[in-house]
Amino acid sequence: MTIDVILGAQWGDEGKGKLVDIQSREAQLCCRAAGGSNAGPVDGVSYSFHLLPSGLMNPQCMNFIGSGVVFHIPTFFSELKELEEKGLTAVHDRILVSDRVNVLLDMHMAVDGLEEQELGDAAIGTTRRGIGPCYQTSRARTGIKLTDIFYPELFEEKVKRLAAGYQKRFGELFKYDIKAELASFEDYRKTMRKYVVDGVSFMTSAQQKDMKIVVEGANALMLDVDYGSYPFVTSSSTTLAGIIGGLTLNPKNISETVGVVKAYTTRVGWGAFKTEDTEECDWYQTSGDWARMDLVVVKYSNSINYYTSLNLTKLDVLDTFETIKIAIAYKVDGQELDSYPADLKILEQVEVVYHEMPGWQTPTTNAKTYDDLPKKARDYVEYIETFVGVKIKYIGTGPDREAMIQRA
């Protein structure tokens with residue numbers, strides 16, 4: 001049995017889906033463990049996977065949504081329909097959902113937008129898909145488990161209780177059609193039943209059957225609710241620990257933990273980002289003479305997830321740059337910080353120490369082997385490996401599904 005776990009190592013948008021797609025071609029099971037309808041599409045193809053696991057692209061692969069996910073039923077069915085229309089086969093027969101997921105309602109989406117309005121200038125920058133409010137109700141023990149929807153009176157009671165609480169909080173601003181939502185579940189009660197399994201029993205059996213399992217992490221380490229750039233984070237655990245808990249994995253069975261690192265640093269959403277191009281008021285530099293990579297963040301990420309290898313993605317984006325500026329330390333008052341700080345006041349004072357490397361200014365798109373890369377590109381790869389202390393095993397060199405170098 002092998003269990004390969006693929007995790008975002010920065011702030012999201014690293015391009016995890018491509019490696020998941022490649023690994024899932026030989027997998028019997030592909031899983032999501034946490035998060036909601038917020039995963040990105042697979043690079044280079046027209047299939048979008050926001051809630052569903054990317055393993056649905058492999059017609060031989062079963063897929064599973066684990067207990068740590070917040071689950072929006074309309075999105076589940078709309079994504080399945082879209083994949084079916086685009087030619088993927090038997091998608092309805094290759095997806096199962098844990099009976100322990102928390103159900104994300106349209107009500108949560110309405111509340112998400114109101115909470116962002118409440119915060120004003122301090123808004124988190126959420127996707128407004130209801131993920132945060134759903135996790136809030138879960139942790140407050142007022143949430144709705146998938147098993148609850150099959151008991152109409154219990155389900156209605158819980159929905160009405162939640163709606164009454166939000167009505168008191170937001171008053172006339174709370175725009176929500178409770179009758180429409182309750183009515184929609186009359187159908188979902190019938191159509192969902194075939195997909196629901198005992199999540200603990202299912203994953204125990206999968207691990208005992210010597211399956212090849214691929215686990216697709218949602219978001220990324222720097223968006224983790226405990227270890228990310230709080231409060232500008234998601235509401236779930238995006239760490240390896242969150243994966244283990246969300247799927248009841250035996251940690252002894254994990255074969256590989258891959259940290260996916262974009263070749264230049266960006267972040268999803270709002271929040272502190274010390275290597276952004278503040279002079280240009282841009283989130284990151286994508287054209288011009290230089291690009292930036294924050295290895296302080298990647299090293300911090302590794303100290304939490306203990307990656308066995310890295311996947312460096314989108315290397316080809318850097319093909320035209322003259323210089324790459326690499327953040328290698330954060331200093332405050334001349335003293336180097338030991339790690340990425342939790343204190344945002346300290347982060348505001350940080351002076352970033354950069355190491356500069358020359359760009360290669362040669363196309364790397366669709367390079368097939370490591371030796372096909374220009375020497376300066378290889379030097380960049382090896383500098384990252386040495387600094388972080390983890391081998392870069394996979395290198396993405398373009399948007400195509402096959403544009404991935406695998407090193408021995």
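The secondary structure of this protein, which is a predicted model, comes to eleven helices and 15 strands. Here helices (H or I, at least four residues) and strands (E, at least two) are DSSP runs, numbered from the N terminus. The radius of gyration is 22 Å, close to the 22 Å that the globule rule gives for 408 residues, so the protein is as compact as a globular protein of that length. That radius is taken over C-alpha atoms, and the globule rule is 2.2 Å times the number of residues to the power 0.38. Along the principal axes, the C-alpha atoms fill a box of roughly 65 × 45 × 40 Å.

A word on conventions. Residues are numbered from 1 along each chain as its sequence is written, and side-chain values use heavy atoms, with hydrogens and water left out. Because the model is predicted, local features need pLDDT of at least 70 and side-chain atom pairs count only at pLDDT 80 or more, whereas totals for chains, interfaces and linings use all residues.

Of the 408 residues, 55% are buried. Buried means under 20% relative accessible area, exposed over 50%, and partly exposed in between, with a 1.4 Å probe and protein chains only. As for contacts (heavy atoms within 4.5 Å), 75% of those between residues at least 6 apart in sequence join residues at least 24 apart.

I turn now to helix α8, residues 240–247. Which of its residues are buried? They are L240, G242, I243, G246 and L247. These residues cover an arc of only 160° around the axis, which puts them on the same side of α8; the arc is that of the directions from the helix axis to the C-beta atoms. The face turned away from that buried side carries the exposed residues A241 and G245.

What caps the N-terminal end of α8? The residue is T239, with a side-chain oxygen 3.3 Å from the backbone nitrogen of A241. After the helix comes T248, whose phi is positive, near 50°.

Finally, consider N305, which belongs to helix α9, residues 295–305. N305 counts as buried, because its relative accessibility is 0%. Its side chain reaches the backbone nitrogen of L240 at 2.8 Å. The side chains of N305 and Y307 are joined by a polar contact of 2.9 Å. A polar contact is a pair of N or O atoms within 3.5 Å; within protein, one must be able to donate a hydrogen and the other to accept it, and residues adjacent in sequence count only if both atoms are side-chain atoms. Leaving aside residues up to four places away in sequence, N305 touches L7, L221, T239, L240 and T257.
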